[in-house]
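Dear colleague,

Please find below the structure that I am handing over to you. My notes on what was found in it follow.

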Amino acid sequence: MMRSVALTCLLSATSLLLAQPKPSSPQPSTASATRPMPVPPTTVAADAPVVTVHGLCPAGPSGTPAKKEDCTTVLTRSQFESFIASINVTNQTYTPAAQRNLASGYINVMALAEAAEEAGVDKDPRFQEIMKVARNRSLADAYHRYLQEKYGNPSQQEIEQYYKDNLARFDQVKIERILIPRVNPKRPQDRPGEFEKRARQVADAIRERAAHGEDISALQAEAYKELALQTMPPQTDLPPNYKIAQTGAQQDVNALKPGEVTKVEVELSGFTIYKLKSRNTLTVDQARNQIVKELSEKNIDHALKAATGGIKADFNEEFFNPKMPFMANPRVLPGSVPTGHTGTQMVLPPSQSSQTPAAPK
């Protein structure tokens, strides 16, 4: 029994045994990525031993030598690959050095498991409780991996339908921005409103010239010079698909055609003018990786919510939060949540549920 337990224990301690090895090559982050398998030398057959442990008796009572030193436990290449695949939850490729480190750790765990079995540790009730927790945790992890494999490769029909239903998500928008501050950062002591008024006048004039096609960067530099701003102007080119904080300004940008500019937007950061450089829509093939990732995440999230959404729990706050003062009516109705708590309901023994606790003497 303990030998089969060794693997379960090792699954929970894999990160310690591996000492956090780094992947030998970058792996894609999408859920569609297949779990990489270590590539052994082609000269090693699937049934050839890759780890032979002397002094460790195989699992099971049959055929056990009288002397422990005569015991031999063998792992074939196929068995070792299956073992690595079962614990490779981070989708990484293990280097030969990492595989050796893993094998050494596994041998150590098997040796300790055998010693624990001889000492009767497997009969300890505490161990039985640990195994219940380990089993549930391993099942939960395995279910996550099952969902990743199930939804990691959507069909072409699913990909095309998702593309049609979410076409706006695949727009590639490039915009430029002129930003003129409303307050001179080098002279905040200036009379309130005076600099802001001048800045607005400059912004209005700059906006008209931007609408007629003048260079955005040159216009911003000119505005800073005219306002005697001694700070470095920000970059006018914004990252692709830049999300504007002000909802109204974002709507104005969404309504632009390439080459057009917005009105002068009054934002907390200053007076801003946005120009749409280009708007392109990715093809379904160009957007494939993004679609696969989003579809996979959506389906996995739906499956997880379906599995956990119907589960509800009541927590006895007298036990879990003994410092919380008792209320006159300690019963919490379904759907209501006490201040400072999330989704919990107070549960008291029946003898107390309808009574007000007596004042301390």
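Which residues in α3 meet which residues in α4? Phe80, Phe83, Ile84 and Ile87 in α3 meet Gln99, Leu102, Ala103 and Tyr106 in α4, where contact means heavy atoms within 4.5 Å.

Before the other findings, a word on the basis of the values. This is a predicted model, in which local features need pLDDT of at least 70 and side-chain atom pairs count only at pLDDT 80 or more, while totals for chains, interfaces and linings use all residues. Residues are numbered from 1 along each chain as its sequence is written, and side-chain values use heavy atoms, with hydrogens and water left out. Helices (H or I, at least four residues) and strands (E, at least two) are DSSP runs, numbered from the N terminus.

**Helix packing**

Axes here are lines fitted to C-alpha atoms, for helices over the stretch in contact, and angles run from 0 to 180 degrees between N-to-C directions. The contact of α3 with α4 comprises 7 nonpolar, 1 polar and no charged residues. In this division Ala, Val, Leu, Ile, Met, Phe, Trp, Tyr, Cys and Pro count as nonpolar, Asp, Glu, Lys and Arg as charged, and the others, Gly among them, as polar.

The crossing of α5 past α10 is right-handed (a crossing is left-handed if the near helix is turned anticlockwise from the far one by less than a right angle, and right-handed if clockwise). On the α5 side, Tyr143, His144, Leu147, Gln148 and Tyr151 meet Ser296, Asn299, Ile300, Ala303 and Leu304 in α10. By class, the residues of this contact of α5 with α10 are 6 nonpolar, 4 polar and no charged.

The contact of α6 with α10 divides into 6 nonpolar, 1 polar and 3 charged residues.

**The sheet**

An open sheet is formed by 3 strands in the order β3-β5-β4, with antiparallel pairing; two strands pair if DSSP finds at least two bridges between them. Both β3 (171–180) and β4 (265–267) stand at the edges with a single partner strand each, so one side of each is left without a neighbour in the sheet. Neighbouring strands of this sheet are turned by 40° against each other on average, direction ignored.

Strand β5 (residues 270–281) is joined to β3 by 10 bridges. Gln172 has Asn280 in β5 as its bridge partner, and Glu176 stands opposite Lys275 in β5. Between β4 and β5 there are 3 bridges, with Glu265 opposite Thr272 in β5. These two strands, β4 and β5, form a hairpin with 2 residues between them.

**Aromatic pairs and backbone**

The structure holds 6 aromatic pairs. In one of them, the rings of Tyr143 and Tyr146 have their centres 5.9 Å apart and their planes at 25°, so the pair is stacked. Rings of Phe, Tyr and Trp (its six-membered ring) pair if their centres lie within 6.5 Å; planes under 30 degrees apart count as stacked, over 60 as edge-to-face and the rest as tilted. Tyr143 and Tyr146 both lie in helix α5, 3 residues apart, about one turn of the helix.

Finally, Ala228 has a positive phi near 55° and lies in the loop between α8 and α9 (247–254). Asn241, with a positive phi of about 55°, is placed in the loop between α8 and α9.

With kind regards
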